[in-house]
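Here's a quick briefing to read with the model open beside you.

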Amino acid sequence: MQKQTKIAAAVLLTVGGFNAWAQQAEPQQIERVTVTGSAIKRLDAETAVPITVFKMKDIKQQGLTTVEQILSTLTASQTSLGTSQAVGSSTGGASFADLRGVGANKTLVLLNGRRIANNAFDGSAPDLNMIPMAAIDRIEVLRDGASALYGTDAIGGVINFITRKEYQGATVTIGADAPQHAGGKSQNANAGFGFGDLQEQGFNVLGFVDFQKQDRITGSQRPFNTRFEGGLSGSPSPGNYYQDPDVWYNPAAPACTNGTFIIPAGDGTSCYMTTSNFVDYIPKSERVSGMIKGDLKLGNDHVLGAEYFITRSNVKTLIAPVPFGFLPMNRLRPDGTPNPYFPNNPALDPNFDDGLVGETMTDGGAKIAPGYVIARWRDMPNGQRADSNTNTQQRFTLSLEGTVAGWDYAVGLSHNQNKVDEKLIGGYASGPLIYEGVLTGVINPFGAQSAAGQALLDKAGATGLILYAKGTTTNLDARASREIGDWFGAGRQAAIAVGTEFRKEKFSQQANADYATIVVDSTGIDPATYSAGSRKVSALYSELNVPVFNSLDITAAVRYDKYNDFGNTTNPKIGFRFQPSKEVLVRGSYSTGFRAPSLYELNAAQTFTNSGTVNDPLLCPTGTGSPAVCRAQFMVLNGGNLTLAPEKSKNATLGIMVQPMPDLSVGLDFWWLRLKNQIGVVGDASLFDPANYSLFSQYFHRNGSNQLSTNGNQCPGPNCGYVDVRQQNLGGTNTNGIDITANYRLPTSFGTFTFGLNSTYVAKYEYQDFRGGPWNQNVGVYSGAGPVFRWQHTLNTVWTKDQFTLGATAYYKSGYADVDPVDRVSNYATLDVFGSWKPIKKATLTVGVRNVTDRDPPLSYQSQVFQSGYDPRYASPIGRAYYVRASYDF
């Protein structure tokens with residue numbers, strides 16, 4: 001049997017905003033277990049590395065129902081991408097974790113200690129929405145680099161989701177959330193069962209299912225996008241038009257009051273549209289997940305296990321109607337009659353020709369004639385663009401673990417699959433038909449449609465599958481550990497672990513070329529999109545823990561990884577754990593890490609799409625001027641890079657835990673991380689900053705007119721002006737800071753109070769946009785793709801007595817200088833409260849209020865994502881919301 005021992009110590013675990021106190025009690029039997037961040041089975045809870053533990057029991061009381069919500073409370077995480085960023089972007093509705101702010105692709109996500117497949121759309125990291133929430137028992141977060149044990153991706157840290165084990169009985173939970181303001185309601189339900197006693201009957205089977213539904217919050221249900229004129233577009237309704245690209249006109253100018261969400265452009269002759277009014281603050285989503293797990297005891301020392309989970313997530317988003325940025329319009333219809341919609345503007349040249357006369361731009365064969373104009377128009381008749389992202393994740397695992405000749409061993413084989421489909425379900429249109437209709441005078445881009453115009457627009461409406469992707473990961477792993485004697489007479493045994501891993505990864509992503517060609521003007525998705533790649537990885541690793549004295553342990557680990565597509569790497573780690581007294585624990589570690597370029601970063605197709613709404617840093621340095629160069633969406637070239645080098649890192653931690661009294665614990669963990677060869681793209685805020693143009697001018701490929709194209713039809717081609725934003729090794733990142741934890745338990749005659757504080761202070765975060773480039777300071781400053789918060793806090797208190805529990809949790813993020821440093825984003829603080837009642841032993845009712853003070857997200861002028869007026873990556877638009885949960889155990 002696995003070794004067991006008796007302990008009678010009080011153990012405290014730091015629980016990311018919650019407290020988990022194992023109170024002093026009678027000696028009890030506990031099993032030797034493997035803790036995240038170590039391959040050695042051990043009895044002590046505190047290791048040489050900092051770990052945060054979330055227990056699902058506490059999470060449920062807080063009313064948190066998604067992994068995205070849970071990890072947003074983790075102060076060591078700088079949130080980078082959530083479900084709301086699926087709006088206007090092809091992310092598949094994914095949500096990612098970002099420990100230390102160094103990128104989601106440098107946070108390793110595990111389920112029961114093993115990898116799951118990365119999101120198939122970009123291959124960067126696993127989608128947190130795919131985790132089978134109902135089956136989770138706890139979440140362990142290693143706040144330190146761990147490449148010496150886990151290999152690639154573990155630079156920022158490791159998040160290990162651990163499912164329930166040997167569950168018996170049945171449970172049902174239902175819940176609902178109701179915001180005080182319009183939209184955003186949600187419902188959730190889960191159920192589970194388990195039977196069989198592994199020790200007594202030799203088997204256990206358990207299963208859980210979970211359902212979650214989130215209603216959307218539309219762009220008209222919150223006022224944040226009206227705080228400033230964000231999401232401006234030069235393709236409004238009624239449309240702008242021009243012959244000279246530097247001089248635009250609009251029939252609604254100069255007042256620009258008789259269109260839809262339009263405002264004066266500042267030149268006195270044209271208009272902009274504020275597209276953010278159409279954009280979902282939160283998209284509509286549904287998730288269903290299920291997991292079944294079985295363990296079978298083989299003799300006294302071995303357990304055979306099998307596990308399968310599947311999650312299906314569907315996210316539906318809404319954005320503004322399709323903009324058409326290049327619509328030639330003739331003065332005469334094909335039958336020679338005047339085009340009734342052609343602008344009556346004496347400033348127009350009736351013989352105008354800039355080289356397009358005679359060109360055929362449509363399937364109908366109509367040609368561009370002298371005197372034409374170019375219209376920029378928003379297809380309001382076909383309505384808002386709507387898409388549906390369906391993400392399906394599956395994993396099957398076989399495992400065998402036990403004890404042989406004094407060795408604790410574990411062997412596992414798993415196959416993971418992630419599939420993502422993106423379908424366009426409304427608002428999109430056939431570009432060729434729209435071109436034909438405007439050129440020939442059937443569609444009116446400046447006003448109401450005739451019956452013929454509306455019929456053609458209806459015919460042009462196009463829905464269908466636009467993108468699909470699939471990624472698989474097959475993993476075979478084995479490890480063993482054992483005690484190897486008391487080497488130094490410390491009174492405790494040294495222990496060693498050895499392990500090996502073989503992994504095969506494969507992914508593909510492609511556009512539905514025939515359909516993508518029809519709607520390329522609506523989507524910006526290159527019909528030629530096709531990305532694919534595969535790799536094999538083999539690894540060996542070992543860990544040694546040696547007690548030197550009764551109070552001092554030294555731990556060393558090393559891992560060797562070999563890749564078939566870019567070479568090999570060896571990464572060591574050394575740590576210590578010093579406990580001079582039962583009240584004081586000092587720990588520290590140093591390690592090197594690496595991240596191999598992902599298959600997507602290496603092999604992504606070379607495709608053209610649109611930038612965000614930005615200014616040409618050369619031709620519009622002040623932000624005012626022609627709409628052709630100011631507040632425009634320019635063509636950018638995306639794609640992989642086969643010459644990428646791996647990212648490499650050095651990590652260090654030094655921490656002290658002090659327990660001056662049995663019910664009080666305080667901890668400080670200092671951390672340092674240095675990263676070089678960081679893979680990515682330069683953020684829009686830096687790339688399009690006029691002050692940086694001399695640094696980044698090599699990325700700007702201008703056309704013969706010295707301009708950047710805003711018309712997708714020109715790219716690729718001789719008239720294509722674009723910005724190269726393909727993946728590259730940018731340079732380095734240096735960051736360091738302190739994690740602070742404090743926990744206090746106060747027993748009284750009228751109940752027990754527990755208090756918990758988790759804080760992260762970032763002293764430094766600086767990065768380079770390219771090798772050898774200047775260091776950009778990012779703490780408390782919006783730089784590149786976003787800010788890094790100086791302070792993040794989670795503070796909570798819980799009172800329990802008999803069958804009653806009350807609690808409150810406060811969250812805080814410090815303010816920062818916005819995109820324009822003249823503007824400052826204020827700090828963001830919210831307070832949640834809850835109450836729980838157990839009328840009978842097996843039933844629990846919980847009610848709560850999130851964001852009690854109804855705090856609005858702070859104003860931000862960011863343009864990195866489609867929502868405007870605030871930054872949805874760091875703040876919620878929901879406002880005050882009420883929730884209720886009811887559960888019953890059978």
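R385 counts as buried in this predicted model, because its relative accessible area is 10% and the cut-off for buried is under 20%.

**Around R385**

- R385 sits in strand β24, which covers residues 385-404.
- Leaving aside residues up to four places away in sequence, R385 touches the run T317, L318, I319, A320, P321, V322 and P323, plus R378, G426, G427, Y428 and S522.
- Where does the side chain of R385 reach at 2.6 Å? It gets to the backbone oxygen of A320.
- The side chain of R385 also reaches the backbone oxygen of P321, at 3.4 Å.

**The partners of β24**

- On one pairing, β24 runs antiparallel to strand β21 (residues 302-319) over 18 bridges; V315 is bridged to N389 of β24.
- β24 also pairs with β25, again in the antiparallel sense, this time over 19 bridges. Here T403 has D408 in β25 as its bridge partner.
- β24 and β25 make a hairpin with two residues between them, and A405 in the turn has a positive phi of about 50°.

**Nonpolar cores**

- The largest nonpolar core has 37 residues, and L327, I434 and I466 touch the most other members.
- Elements giving two or more residues to this core include strands β22 (323-329), β23 (373-378), β25 (407-426) and β26 (464-485), along with helices α4 (431-439), α5 (451-460) and α6 (513-518).
- Which residues does I434 touch, not counting those up to four places away in sequence? They are F324, L327, W377, D379, A429, I443, L457 and A460.
- There's a second, separate core of 29 residues, and among its members are I70, L71, L128 and A134.
- As general background, nonpolar side chains in soluble globular proteins tend to be buried together.

**A three-stranded open sheet**

- Three strands line up in the order β15-β19-β18, with antiparallel pairing, to form an open sheet.
- Why do β15 (232-233) and β18 (262-264) stand at the edges? Each has a single partner strand, so one side of each is left without a neighbour in the sheet.
- β15 is joined to β19 (residues 271-274) by two bridges, and S233 has M273 in β19 as its bridge partner.

Key:
Residues are numbered from 1 along each chain as its sequence is written. This is a predicted model: local features need pLDDT of at least 70, side-chain atom pairs count only at pLDDT 80 or more; totals for chains, interfaces and linings use all residues. Side-chain values use heavy atoms; hydrogens and water are left out. A nonpolar core is a set of buried Ala, Val, Leu, Ile, Met, Phe, Trp, Tyr and Cys residues joined through side-chain atoms within 4.5 Å. Buried means under 20% relative accessible area, exposed over 50%, partly exposed in between (1.4 Å probe, protein chains only). Helices (H or I, at least four residues) and strands (E, at least two) are DSSP runs, numbered from the N terminus. Contact means heavy atoms within 4.5 Å. A polar contact is a pair of N or O atoms within 3.5 Å; within protein, one must be able to donate a hydrogen and the other to accept it, and residues adjacent in sequence count only if both atoms are side-chain atoms. Two strands pair if DSSP finds at least two bridges between them.
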